[in-house]
Amino acid sequence: MHCTPTTCLRSPRIDVAFFHMTTRPLQFLRRGQPVALGNVPPDRTLLQVLREDLGCTGTKEGCGEGDCGACTVVPGEARDGKVHYSAVNSCIRLAHSIDGMALWTVEDLSEDPLIQPVGNNPPALHQTTHLHPAQEAMVQCHGSQCGFCTPGFVMSLFGMYQNHVCCGQPITRALAQEELSGNLCRCTGYRPILDAAQHMATLPAVAVNEPQLLQKLELLALYSKGLEANSSYISPATLPALLAARAAHPHAQVVAGCTDVGLWVTKLHKQYAQILDVTRVTALRTVDATPQHIR
Ligand SMILES: Cc1cc2nc3c(=O)[nH]c(=O)nc-3n(C[C@H](O)[C@H](O)[C@H](O)COP(=O)(O)OP(=O)(O)OC[C@H]3O[C@@H](n4cnc5c(N)ncnc54)[C@H](O)[C@@H]3O)c2cc1C
Ligand code: FES
Ligand code: FES
């Protein structure tokens, strides 16, 4: 259910603050199509939006605190003329943080027209049709028993597929272990899942059509420029803009990776009427190591 003036269950104090601010529609690309959602509160998690607002229950909630990986989804962000894919825990990721990005959940992999065969690759005879290699490999390697963890594993595999297989890099056992370290499985055991990670590279290749995706993301960004600025979820792109936003909104909750703040929302049930997200500030995306400091 979306939070609206008549249905909002938040405290009156927070309602007053909330409705004096502009919460711009949250916009992202899914299956190559723009999705626009109105009235998404700044502290709503991406998992809540997916499961409760969009009814996409393929993405699971296990721990709700970033430990188990059942809620893993993959945002794709356009940066420096490329798409950057990362497997993230949607349970502690704030929904507005993916504004302007592409998003894949486990329900999208076999439905996205932008995921296309590479070269003249017909599906192999033994291959279940329409499944992404990440899914097909899990089937062929028997990587799922009860299945609760499977959507999360599949999405971590999808991120690995785009970041490594599509770049011509091999999936070693060590890489698979590292990249799946955020996903827990209670019943299958990890050997078949690690086998699947390595096996997916041997299946007929597919890839996200990045030129098309980048074009669509550019259009989405152009459209967003015409909208009123989002004053309840502020996400500056430069350091001066961030400092100005901080000065103007000293009480806004600052978030970066949201791996602490996300838990304050999901476990402590804290509510935030205004968020200041620092993750798009280019100057804060670097790690500088000097003999004295890591900054
Ligand atoms: C599964 C899991 C395992 C973890 N394991 C460990 C562990 O083993 N050891 C450990 O120490 N921690 C652990 N943590 C905690 C984790 O290290 C911290 O949550 C993380 O370092 C916080 O970084 P963040 O970018 O996600 O911060 P956020 O959650 O975004 O913010 C945390 C705090 O920092 C403030 N903040 C963020 N960026 C800035 C900024 N640029 N300027 C000023 N203030 C800012 C925020 O306002 C907030 O008060 C774990 C967390 C999870 C989810
Ligand atoms: S539900 Fe466990 S990490 Fe998100
Ligand atoms: S298959 Fe049951 S938790 Fe992984």
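This is a predicted model: local features need pLDDT of at least 70, side-chain atom pairs count only at pLDDT 80 or more; totals for chains, interfaces and linings use all residues.
Student: How many helices and strands does the protein chain have?
Tutor: Helices (H or I, at least four residues) and strands (E, at least two) are DSSP runs, numbered from the N terminus. The count for the protein chain is nine helices and eleven strands.

Student: What share of the residues in the protein chain is buried?
Tutor: Buried means under 20% relative accessible area, exposed over 50%, and partly exposed in between (1.4 Å probe, protein chains only). The protein chain has 295 residues, and the buried share of them is 46%.

Student: Which residues touch the most other members of the largest nonpolar core?
Tutor: A nonpolar core is a set of buried Ala, Val, Leu, Ile, Met, Phe, Trp, Tyr and Cys residues joined through side-chain atoms within 4.5 Å. The largest one has 40 residues. The two that touch the most other members are Trp 104 and Leu 213.

Student: Which element gives the most to this core?
Tutor: Elements that give two or more residues to this core include strand S4 (82–85), strand S6 (102–104) and helix H7 (210–225). Helix H4 (150–163) is also one of them. With seven residues, the element that gives the most is H4.

Student: Which residues is Leu 213 in contact with, leaving aside its neighbours within four places in sequence?
Tutor: Contact means heavy atoms within 4.5 Å. On that basis, the partners of Leu 213 are Leu 29, Val 83, Ala 102, Trp 104, Leu 114 and Val 208.

Student: How many residues are in the other core that lies apart from it?
Tutor: Among the members of that other core are Phe 28, Leu 37, Val 88 and Ile 98. Its residue count is 14.

Student: Is Arg 24 buried or exposed?
Tutor: Arg 24 sits in the loop between helix H1 (12–19) and strand S1 (26–30). Residues it touches, not counting those up to four places away in sequence, include His 96, Asp 99 and Glu 228. Because its relative accessible area is 17%, Arg 24 is buried.

Student: Which backbone oxygen does the side chain of Arg 24 reach?
Tutor: A polar contact is a pair of N or O atoms within 3.5 Å; within protein, one must be able to donate a hydrogen and the other to accept it, and residues adjacent in sequence count only if both atoms are side-chain atoms. At 3.4 Å, the side chain of Arg 24 reaches the backbone oxygen of Ser 224.

Student: Which side chain makes a polar contact with the side chain of Asn 209?
Tutor: Asn 209 is in the loop between S8 and H7. A polar atom of its side chain lies 3.2 Å from the backbone nitrogen of Gln 212. At 3.0 Å, the side-chain partner is Gln 116.

Student: What is the phi of Cys 258?
Tutor: Cys 258 lies in the loop between S10 and H9. It counts as buried because its relative accessibility is 7%. Its phi is positive although the residue is not glycine, with a value near 70°.

Student: Which residues come nearest to ligand 1?
Tutor: A residue is near a molecule or strand if one of its heavy atoms lies within 4 Å of it. There are 13 residues around ligand 1. Those that come nearest are Val 254, Ala 256, Gly 257, Thr 259 and Asp 260.

Student: How much of the area of ligand 1 does the protein bury?
Tutor: A backbone N or O atom of Val 261 lies 2.9 Å from an oxygen atom of ligand 1. Taken alone, ligand 1 exposes 970 Å². Of that, the protein buries 45%.

Student: Which element gives the most to the shell around ligand 1?
Tutor: Strand S10 (253–255) and helix H9 (261–266) each supply at least two residues of this shell. With three residues, the element that gives the most is S10.

Notes: Residues are numbered from 1 along each chain as its sequence is written. Chains are lettered from A and ligands numbered from 1 in the order in which they are written. Side-chain values use heavy atoms; hydrogens and water are left out. Accessible areas come from the Shrake-Rupley method with a 1.4 Å probe; for residues, only the protein chains shown count as cover.
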